[in-house]
Amino acid sequence: MALKKKLSYETSFRVKVLILALIFGIAIFMIVYYPLLSHQTNPWGVAAPKGQIVLAQNFTIRGVNYTNAVPATSGNNLLVLRGNDDAGDTLTMKVTTSGWCIDLWIWGGSSKGWQLKYDCAREVQLSQYAFKRLPTHEANEILYWYLEPGYVLVFHKDGEVENYELVNFTVTYGEGTDWGAFKVSLGKS
């Protein structure tokens with residue numbers, strides 16, 4: 001007759017607690033540490049605008065009058081990109097909302113002044129050098145891209161602009177593509 005050896009209550013309790021602690025340890029590792037170790041810390045993308053409300057403006061650049069247009073400049077930091085990879089010289093910006101287009105103005109120096117590089121284009125190409133890359137204070141490896149002072153992107157519509165009209169666009173740099181969007185506020189009438 002074979003005798004079965006039975007675990008004592010204390011031993012079986014210790015085994016159950018050890019298995020439970022192991023399961024919780026693996027779960028905490030998968031939730032907290034695995035995402036930090038396995039993915040890119042600063043993937044390419046559009047940091048801003050992501051649906052913000054932007055006030056439309058009326059202004060003139062070198063004889064071109066804009067009504068209810070939205071300029072992205074180094075002064076207002078409307079367009080902010082992020083990423084720390086070098087994926088080539090140019091990036092492509094494309095407006096996906098129908099009726100809207102982009103003008104790109106580049107400062108040509110005091111002798112040439114502002115020059116219109118793209119006139120009401122649905123897609124523009126910018127050099128990566130049109131942006132200054134600044135690290136965040138928390139970690140120097142995370143970079144945000146801001147337009148340099150010699151560049152102005154003007155989002156405008158050939159037609160009537162509606163109050164709080166949503167304007168969507170994409171930015172592609174290398175293999176990465178991300179979206180951006182803003183709502184156009186016409187202000188007080």
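Tutor: Two strands are said to pair if DSSP finds at least two bridges between them. The strands themselves are DSSP runs of E, at least two residues in length, numbered from the N terminus. The model is predicted, so local features need pLDDT of at least 70 and side-chain atom pairs count only at pLDDT 80 or more, whereas totals for chains, interfaces and linings use all residues. Residues are numbered from 1 along each chain as its sequence is written, and side-chain values rest on heavy atoms, with hydrogens and water left out.

The sheet is open and holds 4 strands in the order 1-5-11-10, with antiparallel pairing. Strand 1 (45-48) and strand 10 (131-135) each have a single partner strand and stand at the edges, so one side of each lacks a neighbour in the sheet. On average, neighbouring strands of this sheet are turned by 35° against each other, direction ignored; the axes are lines fitted to C-alpha atoms, and angles run from 0 to 180 degrees between N-to-C directions. Strand 10 pairs with strand 11 (residues 143-147) over 5 bridges in the antiparallel sense. In strand 11, L143 is the bridge partner of P135.

As for the cysteines, the structure holds 1 disulfide, a term for a pair of cysteine sulfur atoms within 2.5 Å. C101 and C120 form this bond, with their sulfur atoms 2.0 Å apart. C101 lies in strand 7 (residues 100-107) and C120 in strand 8 (residues 114-121), so the pair ties together parts that are 19 residues apart in sequence. The torsion about the S-S bond is about -90°, so the disulfide is left-handed.
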